[in-house]
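Please have a look at it before reading on.

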Amino acid sequence: MRPAPGPTEAERPEGTGHAQLAEEASATPTDIEQRNLRRSDLKAGLLLCLLSLAMLWKAGEFPLADSYGGVQNAWYVSPALMPLIVGSALLILSLVLTANAVRYAQLTGGAAKLLRESGAKNVEYRVRLSAVVLFFSGFIYAFTPNVDFFIATLLFLSCFVVSFYLELPAVLRFNALFYLVSSVAVALASQVAVLEQTIHYPLDILAGSFFLAFLTLNVRMIWSERGAQVKFVRALSVSSAVTLIVVVIFKYGLLVPLPTEGAAIRGMDSIQAMIRGSR
Amino acid sequence: MDVLDQLGVFFTSIAGIASQPTNFLVLLGATLSGILFGALPGLTATLGVALLTSLTYGMPVDTALIALLGMYVGAIYGGSYPSILINIPGTAAAAATAMDGYPLAQRGEGGRALGLTTTASFIGTVLGLVVLAVAAPLIASLALKFTSFEFFVLAFFGITISGTLTSKDLVYKGWIAGLLGLALALIGRDSLQSFPRYTFGFSELDGGLDVVPVLIGAFGVPQIMDVLSKKLSLTKPKRVKRLLPEFGAIVKNLHHIVRSAMIGVGIGSVPGVGEDIAGWVSYGAAKNSSKNADKFGQGEPTGLISSETANNACIGGALIPLLTLGIPGSPPAAMLLGALMLHGVQPGPMLPVEHPDFLVRVTAILVLASLSMWICGMLLAPQVIKLLRVPTGIFLPIVGVLCVVGSYALGLNQFNLYLMMIVGIAAYALQQMQYPISPLVIGLILGPMADENLRRALMVSKGSLLPFFTRPVSLFFIAITVLVVLSQLPWTRSLMRTVVQSFVGLLRRGRASNPLNGDHS
């Protein structure tokens, strides 16, 4: 996040005439940004063209004038009307976007050259971004539908916080890969029906094992760095505390059932029953 | 309801809320949470309202409204903390605040700056809701005469103007974002014939996309991705000992405050255009009209007061079209619309008919929310500031968990989590390419309204488009929309430039040839 920028209205470009495009093509400090934006416009424009064509094609299957549900349609009350309008407008604007990017590219060496260039983002940025996406995706697509929410959240938060709080690139890469492997393992194990028939809470046990492996491997990695040890303990404490607080508040305070209630949450239910029973 | 009745309901509502410990605690807690949400970079007022929607789903409507409005008011104000103390706006609404707030903090006057923004925010909110209380019944009574023609055109106008004013790069990127929002709104069974559109056989999509997970995905996930991927290291906030109300400075800047409030309300009432633009426009207007214009950007209190008054007055402005027309004036108001509908309150022209004292209750709650914001700000600012030291690597993953639980809690539907993630990644990609997200949200929210009303209108006119151009309100909004679109086209701009230059040239020639000027050509 940069310090406060100037007024956004003043930054809006005047128009997209040739003279301005040519000016943009000469060396200025914002040239790289412009170039990156026009490259992404070219790709996005083509993608949006395809999307709008797909939208229009699908809208063609909606009843325009024939009857549906026993009601004779007319074009003006057809469910296809709005999709056709939106799809057409989107197609026109995406063509304009693409044309603008192509015109820029023609002044600066051609569209093919523009597309071949890579963006200005560095490797560390890509690794960090990929890690964030991996953590979220693994948590949402693999863990929450299959593993006890308490255990899933504990593993997610621990991996996530340790990776980004310790600020050690090696730890971040390792934990991202570790989480990816554990997500794939959990997703595959959830397809094996025989597991549920043989053991209680097999996926919770698997996730719990991954958590223990995470602890062991990370401790080994950061053992020699004193500062990192303190941060690691702090990260784990915060992750554990937040997981407990969130689960307790939502499950027992707001009475919101959690996505998957397995071994840990059943254990909490038992504790709650004992507390109630003792009163 | 006449004025005396309304005043009676107003004071009764205030007394009722203040006297119930639960409501009082909810108000304080929500306002404080809002300040935290606004203060922590990466979190927004919209995300705060979205997460709170899930938490307040089971509460009575009044309590939920207290919580949501408290969060809204607190979050818009809370953005000023990091703006002033570390020169990074906590929310886009506080971007202009940093221009003079941070220089004040660097001089050791952080407490003074925060005191000014706290009081200015309070006054801005109150002035905004005064306009809301006066204007909303008038607009609602006018809106009762609107038919499907007007509502369709209004929805279309809202999406267009939002796209035009919020786009930072090419203007049609804003329009594309609005159309993408409309496209998302078309998913599901249509309301008139129940025909499944773009569901691809998934029963989860039959009911359309849930607003809360989409908004959490659009406003929460990209922020987390953006801040963590860029390895933001926030500087230590400047120390603040205590906040000082500075009533003297407020009185001295009264005319700036009133003007800023009007700017905030005006901009807030424009659909989809949020508090950030109100802050900048007000700052610019204050600078242009101030005798100390050269001191702006160096710690001039007028700049600080103007931006904060405007962005908080925007709250009242954003609620005007929301409550009277069902069209949100800003992204947090869009989330509020979703929350109200979940609680069975349908904003729009029928609101005063179905819930006659709803508007007055909202006004009363806003008064208490702004008072609560002022108290929390004055007393708890030093504690809130300590939280700015929490590293992003700790609090953003926690926000991620809250996003997941918040998206799941409303529908208890795992599919909403998948949706949140997909929308989040798409929104991040769009933001990196300088597409504004507000029009997308407005398109999603207003899409059903546009679709239904267009088809109903055409059903009435049997397919004729003529009524759109013969009905005065409809024609007015079509004309404005066309003007807005045309004004963005390069050939229109060069034509207007040529016309203006010719006109100026003619004037100069006229003055030069006028014998009374003493100039003879």
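The model is a predicted one, in which local features need pLDDT of at least 70 and side-chain atom pairs count only at pLDDT 80 or more, while totals for chains, interfaces and linings use all residues. Residues are numbered from 1 along each chain as its sequence is written, chains are lettered from A and ligands numbered from 1 in the order in which they are written, and side-chain values use heavy atoms, leaving out hydrogens and water.

Lys173(B) has a salt-bridge partner in Asp169(B); such a bridge is a side-chain nitrogen of Lys or Arg within 4 Å of a carboxyl oxygen of Asp or Glu. Over all chains, the structure holds 20 salt bridges. Three of them are set out here.

| Salt bridge | N to O distance |
|---|---|
| Arg38(A) with Asp41(A) | 2.8 Å |
| Asp169(B) with Lys173(B) | 2.8 Å |
| Asp451(B) with Arg455(B) | 3.3 Å |

Arg38(A) counts as buried at 2% relative accessibility, and Asp41(A) counts as buried at 0%. Both lie in helix 3 (residues 31-59) of chain A, three residues apart, which is about one turn of the helix; helices here are DSSP runs (H or I, at least four residues), numbered from the N terminus. Asp169(B) is buried as well, at 4% relative accessibility. In helix 21 (residues 438-460) of chain B, Asp451(B) and Arg455(B) are four residues apart, so about one helical turn separates them. Asp451(B) is buried at 4% relative accessibility, and Arg455(B) is buried at 0%. Through shared partners, salt bridges join Arg38(A), Asp41(A), Asp169(B) and Lys173(B) into one network.

Now to the helix pair. Helix 6 (residues 123-143) and helix 7 (residues 149-165) of chain A pack at about 175 degrees, their axes 11 Å apart. The two are therefore roughly antiparallel (an angle over 145 degrees).

Terms used
Axes fitted to C-alpha atoms, helices over the stretch in contact; angles between N-to-C directions. Parallel < 35°, antiparallel > 145°, perpendicular 65-115°, else oblique. Buried < 20%, exposed > 50% of the residue type's maximum accessible area, 1.4 Å probe, protein only.
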